[in-house]
Amino acid sequence: MITKDALLQIIHEQQDIKYDNIVPRKIEKNLLSAPEVLVITGVSRCGKSTLLRQIQQQREEKDFYI
């Protein structure tokens with residue numbers, strides 16, 4: 001089982017990652033405020049995590065990605 005300290009360390013490390021060369025995507029407003037779970041799927045290295053970061057930046061509610 002993961003410890004609380006390890007989880008906090010992961011969160012802090014991910015907050016420090018710089019995404020300088022990303023292409024901004026047009027994200028529909030209804031996706032940003034949808035009460036449903038949004039599932040992002042795709043092949044490896046297609047930009048799922050980058051898209052999730054962009055969605056997180058545009059939402060008012062802040063959450064964590066691990």
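## Getting oriented

A helix here is a DSSP run of H or I covering at least four residues, and helices are numbered from the N terminus. With that in hand, let's look around this predicted model. The protein has three helices and zero strands, so going by that numbering its elements read α-α-α from the N terminus on.

As for overall dimensions, the C-alpha atoms fill a box of roughly 35 × 30 × 25 Å along the principal axes. Of the 66 residues, 12% are buried. The protein exposes about 6,100 Å², and carbon and sulfur atoms supply 53% of that area. Take the contacts with a separation of 6 or more: 56% of them come from residues 24 or more positions apart.

## The loop and its patch

Ile17 sits in the loop between α1 (4-15) and α2 (29-32). Because its relative accessibility is 40%, Ile17 counts as partly exposed. Together with Tyr19 and Ile22, Ile17 makes a nonpolar surface patch of about 230 Å².

Now hop over to helix α3 (residues 48-58), where you'll find Gln54.

What is Gln54 in contact with, leaving aside its neighbours within four places in sequence? The list is Ile22, Val23, Pro24, Arg25 and Ile27. Ile22 is also one of the patch residues. With Val23, the side chain of Gln54 reaches the backbone oxygen at 3.0 Å. Arg25 lies 29 residues from Gln54 along the chain, yet their C-alpha atoms are separated by 7.6 Å.

Conventions
Residues are numbered from 1 along each chain as its sequence is written. This is a predicted model: local features need pLDDT of at least 70, side-chain atom pairs count only at pLDDT 80 or more; totals for chains, interfaces and linings use all residues. Side-chain values use heavy atoms; hydrogens and water are left out. Patches are made of residues with over 30% relative accessible area and no salt bridge: like charges are joined within 9 Å, nonpolar side chains (Val, Leu, Ile, Met, Phe, Trp, Tyr) within 5 Å. Accessible areas come from the Shrake-Rupley method with a 1.4 Å probe; for residues, only the protein chains shown count as cover. A salt bridge is a side-chain nitrogen of Lys or Arg within 4 Å of a carboxyl oxygen of Asp or Glu. Helices (H or I, at least four residues) and strands (E, at least two) are DSSP runs, numbered from the N terminus. Buried means under 20% relative accessible area, exposed over 50%, partly exposed in between (1.4 Å probe, protein chains only). Contact means heavy atoms within 4.5 Å. A polar contact is a pair of N or O atoms within 3.5 Å; within protein, one must be able to donate a hydrogen and the other to accept it, and residues adjacent in sequence count only if both atoms are side-chain atoms.
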